[in-house]
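This briefing is meant to be read with the structure open beside it. Please look up each residue as it is named, and take the topics in the order given.

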Amino acid sequence: MSAPPGRDGGRRAAVRPSAVGRTTALAAAVLVLVLMVLVIVRLPWVGDLGMHAATVQRLRHSPLDPGNPLVDADTPSPYYSPWMLLLGIVARLSGLSVFVVLRLAAVAGLALLVTGVWRYVRTLSAHRAAPALALLSLLLLWGTTAFLWSGFTGLNSLALTVSYPSTFTLGLAFHFWAWLTGALRREAAWPTWLGLGVLCAVILLCHQFSGVVAGLGAVATVLAARPRRAVWPRPAAGLLLGALVLWAWPYYDFYALFGAGAALEDVHRVLYGHPVARYGLVLLGVAALVPRWRRDRWDPLVLFFALGVLVAGAGWVSGHYSWGRALPAALIPAQLAVALEVTGAGRRRLRACWAVLLGGALVVGAWAQAGTLGYVLPRGVLPGVVEAGYRPPWTGYHWITPWVRYGDVVMAEGRAARQVPAYGPYTVAPGYPDFFLPDERGRVGATVRYFAEGTSEGVRRGIEREYGVRWVVGRGGWPGGAGLREVARGPEGEVLYAVP
């Protein structure tokens with residue numbers, strides 16, 4: 001027998017769909033977060049993990065004067081941020097291995113990101129389902145092709161960069177926007193604004209590209225709030241204090257980074273390639289920004305999106321491809337906007353329409369990034385289509401550590417140069433571009449000559465003496481190994497040679 005159309009029955013009919021949707025969104029978000037925790041246990045290695053592990057290694061051994069993280073040279077490095085300094089001190093005091101500390105960093109970064117999204121979305125919507133939907137949108141609403149880059153919140157990308165400073169910094173950015181929104185609404189006192197200025201500086205020091213995204217979001221938040229003229233001196237004082245913190249940071253010259261763009265353009269050109277395949281599902285979020293703009297011409301997400309498009313678009317037009325790192329400033333507000341339309345659009349039918357569209361897009365996005373399951377499940381368990389999207393992680397160079405000690409110089413190229421410093425040794429040439437290393441070009445040239453097949457044994461011995469090389473990691477069958485002593489073989493056919 002159906003319930004009579006009384007007061008209680010009507011309320012149940014009105015509430016039940018919303019409650020089911022809220023529970024579904026929360027359950028899906030929890031499942032994704034459980035997957036991320038399992039990934040952290042595995043800590044798969046693809047990309048820049050070696051750079052960050054090497055940074056922690058140097059700060060662990062010498063917190064006050066760590067030198068270059070990759071090569072045996074006394075130079076500053078933008079990787080020596082407040083966050084990495086804290087991790088180095090934790091490793092030094094606890095005695096934990098660098099990779100255990102990076103797992104702890106991943107847990108902290110993920111927690112900061114999730115709580116930051118929760119807090120910031122709460123400033124935009126009071127609906128209880130909004131934070132969970134927003135988190136799902138940030139992780140899954142990307143494209144039909146999995147995309148990997150630090151500072152981008154896609155599930156596949158985050159699975160491989162969760163231990164990076166970029167994840168920690170993005171989490172700080174969401175908290176920063178939430179604090180900034182609250183400060184503007186209540187016209188906070190001077191100490192709050194000074195604290196926000198210091199936090200802004202910390203964000204920029206920890207990951208400069210994510211700091212740009214945080215700055216664009218802050219500008220949009222301030223413009224949307226349109227504070228009274230009497231309030232303006234307070235944020236101005238906070239900005240001034242933040243600028244002083246950036247200037248005073250002792251580990252590298254932050255302002256010198258403005259001259260480093262030319263060295264990064266080719267690396268970032270890929271960010272502008274295949275935009276539909278990589279970011280196509282975000283178009284649903286762009287559509288969701290339109291009604292927000294119609295309701296409020298000063299909507300913070302609309303302004304945030306416009307600033308992100310302006311900076312990233314200017315980078316594409318001008319050839320400054322490193323400006324493409326500002327793309328999250330366009331993607332994040334669009335992803336949040338569609339989640340908020342599901343919970344906040346006026347009529348129930350309109351909300352239901354947005355819910356269906358978002359649900360379908362999230363399913364497509366989840367399928368596109370299903371290869372992430374390969375980091376926690378055996379390969380044989382995955383369906384063939386899912387396994388095709390799985391990117392096997394690198395095996396690492398732990399096999400050289402019984403012989404190679406901390407501070408030894410290893411001649412290596414390619415992937416080996418990007419991984420060997422994670423275990424404590426140095427390489428001759430840095431595995432990553434280094435704006436602060438004056439002889440980077442000479443080191444790269446020496447490495448190329450050393451591994452070239454036509455190079456004489458005398459030239460190789462001269463390079464070894466010049467850079468203090470004690471070990472060489474070469475390919476199996478490499479002719480240059482004839483004058484060296486073979487010590488060990490790695491799992492992928494590489495050979496560790498000792499220099500006479």
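In this predicted model, the centres of domain 1 and domain 2, taken over C-alpha atoms, are separated by 35 Å. The domain assignment of the protein places domain 1 at residues 35-375 and domain 2 at residues 398-498, and the contact between them draws on 27 residues from domain 1 and 22 residues from domain 2. The points below begin with this interface and then turn to other places along the chain.

- The size of an interface is often given as the accessible area that is lost when the parts come together.
- For domain 1 and domain 2 the area buried between them is about 2100 Å², and carbon and sulfur atoms give 64% of it.
- On the side of domain 1, the residues that lose the most area to domain 2 are R58, L70 and V71, which together account for 28% of what that side buries.
- The rule finds one salt bridge across the interface of domain 1 and domain 2.
- A salt bridge joins the side chains of D48 and R418, with a distance of 3.1 Å from N to O.

**A nonpolar patch on the surface**

- The residues L86, V90, L96, V100 and L104 form a nonpolar patch on the surface, and together they have about 360 Å² of accessible area.
- Two or more residues of the nonpolar patch come from each of the elements α3 (82-94) and α4 (98-122).
- V90, one of the patch residues, has its place in helix α3 and counts as partly exposed because its relative accessible area is 32%, a value that falls between the limits of 20% for buried and 50% for exposed.

**Buried and exposed positions**

- T372 is found in the loop between α16 (348-368) and α17 (384-388), and this residue is classed as buried because its relative accessible area is 0%, where buried means under 20%.
- Leaving aside residues up to four places away in sequence, T372 touches L35, L155, N156 and A159.
- A126 lies in the loop between α4 and α5 (130-140), and this residue is classed as exposed because its relative accessible area is 70%, where exposed means over 50%.
- C353 belongs to helix α16 and is partly exposed, with a relative accessible area of 43%.

**Distance along the chain and distance in space**

- How far apart in space are A126 and G344, which are 218 residues apart in sequence? From C-alpha to C-alpha, A126 and G344 are 9.1 Å apart.
- C353 and R234 are 119 residues apart along the chain, and their C-alpha atoms are separated by 43 Å.

**Backbone angles in two loops**

- Most residues other than glycine have a negative phi.
- E187, a residue other than glycine, has a positive phi near 50 degrees, and its place is in the loop between α7 (165-186) and α8 (190-206).
- With a relative accessibility of 31%, E187 counts as partly exposed.
- R226, which is not a glycine either, has a positive phi of about 45 degrees, and R226 is located in the loop between α9 (208-225) and α10 (233-248).

Methods
Residues are numbered from 1 along each chain as its sequence is written. This is a predicted model: local features need pLDDT of at least 70, side-chain atom pairs count only at pLDDT 80 or more; totals for chains, interfaces and linings use all residues. Side-chain values use heavy atoms; hydrogens and water are left out. Patches are made of residues with over 30% relative accessible area and no salt bridge: like charges are joined within 9 Å, nonpolar side chains (Val, Leu, Ile, Met, Phe, Trp, Tyr) within 5 Å. Accessible areas come from the Shrake-Rupley method with a 1.4 Å probe; for residues, only the protein chains shown count as cover. A salt bridge is a side-chain nitrogen of Lys or Arg within 4 Å of a carboxyl oxygen of Asp or Glu. Helices (H or I, at least four residues) and strands (E, at least two) are DSSP runs, numbered from the N terminus. Buried means under 20% relative accessible area, exposed over 50%, partly exposed in between (1.4 Å probe, protein chains only). Domain bounds come from an automatic or database domain assignment. Contact means heavy atoms within 4.5 Å. Buried area is the accessible area (1.4 Å probe) that two parts lose on being put together, summed over both.
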